[in-house]
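Subject: Structure for you to look at

Hello,

Here is the structure you will be working with. Please open it first, then read the notes below it.

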Amino acid sequence: IELCFQTAGVLELADDPHLRLPAGLAGLRLLAGNGAWNGADPVHAVVRRRPDGAFDAEVVDGRGRPLLRVEGYRTVAAPDTVDAARLAALRSGFRGS
């Protein structure tokens with residue numbers, strides 16, 4: 001779950017310099033049965049921003065099989081912002097420059 005939260009937070013930094021904290025989620029589903037993931041194979045998060053500003057995300061294994069789904073994840077801005085130089089480097093990475 002934290003992988004989805006952290007990935008969504010990094011995506012938000014592309015548009016907003018404020019760090020974000022979890023504010024809620026609409027749903028959480030475990031998609032892989034017991035033993036479907038061995039704990040050693042790599043996983044990654046696939047995160048999509050919805051039109052309403054919330055995020056839907058999945059944790060998928062190395063073969064792309066979904067293991068966990070987070071639906072309607074929302075954040076709230078923290079008062080601190082990220083240093084402008086560090087934020088510029090992050091944003092340039094999103095743009096592939």
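**Salt bridges**

Arg 49 is partly exposed, with a relative accessible area of 42%; buried means under 20%, exposed over 50% and partly exposed in between, computed with a 1.4 Å probe on protein chains only. The model is a predicted one, in which local features need pLDDT of at least 70 and side-chain atom pairs count only at pLDDT 80 or more, while totals for chains, interfaces and linings use all residues. Residues are numbered from 1 along each chain as its sequence is written, and side-chain values use heavy atoms, with hydrogens and water left out.

The whole structure holds nine salt bridges. The term stands for a side-chain nitrogen of Lys or Arg within 4 Å of a carboxyl oxygen of Asp or Glu. One of them joins Arg 49 to Asp 15, with 3.4 Å between the closest N and O atoms. Arg 49 belongs to strand β3 (residues 43–49) and Asp 15 to the loop between α1 and β1, so this pair ties together parts 34 residues apart in sequence. Helices (H or I, at least four residues) and strands (E, at least two) are DSSP runs, numbered from the N terminus. Asp 15 is exposed, at 60% relative accessibility.

A salt bridge also forms between the side chains of Arg 29 and Glu 71, at 3.8 Å from N to O. Arg 29 is in strand β2 (residues 27–30) and Glu 71 in strand β5, so parts 42 residues apart in sequence are tied together. Arg 29 is partly exposed at 38% relative accessibility, and Glu 71 is partly exposed at 26%.

Arg 69 and Glu 58 meet at 2.3 Å, N to O. Here strand β5 holds Arg 69 and strand β4 (residues 55–61) holds Glu 58, so the parts that are tied together lie 11 residues apart in sequence. Arg 69 is partly exposed at 22%, whereas Glu 58 is buried at 13%.

**Strands β3 and β4**

β3 and β4 run antiparallel and are joined by seven bridges; two strands pair if DSSP finds at least two bridges between them. Val 47 has Ala 57 in β4 as its bridge partner. The two strands form a hairpin with five residues between them, and Gly 53 in the turn has a positive phi of about 95°.

**The aromatic pair**

There is one aromatic pair in the structure. Phe 5 and Tyr 73 are stacked, at 4.3 Å centre to centre and 10° between the planes. Rings of Phe, Tyr and Trp (its six-membered ring) pair if their centres lie within 6.5 Å; planes under 30 degrees apart count as stacked, over 60 as edge-to-face and the rest as tilted. Phe 5 is in helix α1 and Tyr 73 in strand β5, 68 residues apart. Both Phe 5 and Tyr 73 are buried.

**The largest pocket**

Which residues lie nearest the centre of the largest pocket? They are Phe 5, Gln 6, Gly 9, Val 10 and Arg 20, out of 14 lining residues. Two or more lining residues come from each of α1 (2–13), β1 (18–24) and β5 (66–81), and α1 gives the most, with seven.

Regards

Notes: 1 Å grid on protein atoms, 1.4 Å probe; cavity = no way out; pocket = protein on both sides within 12 Å on 5 of 7 lines; lining within 4 Å.
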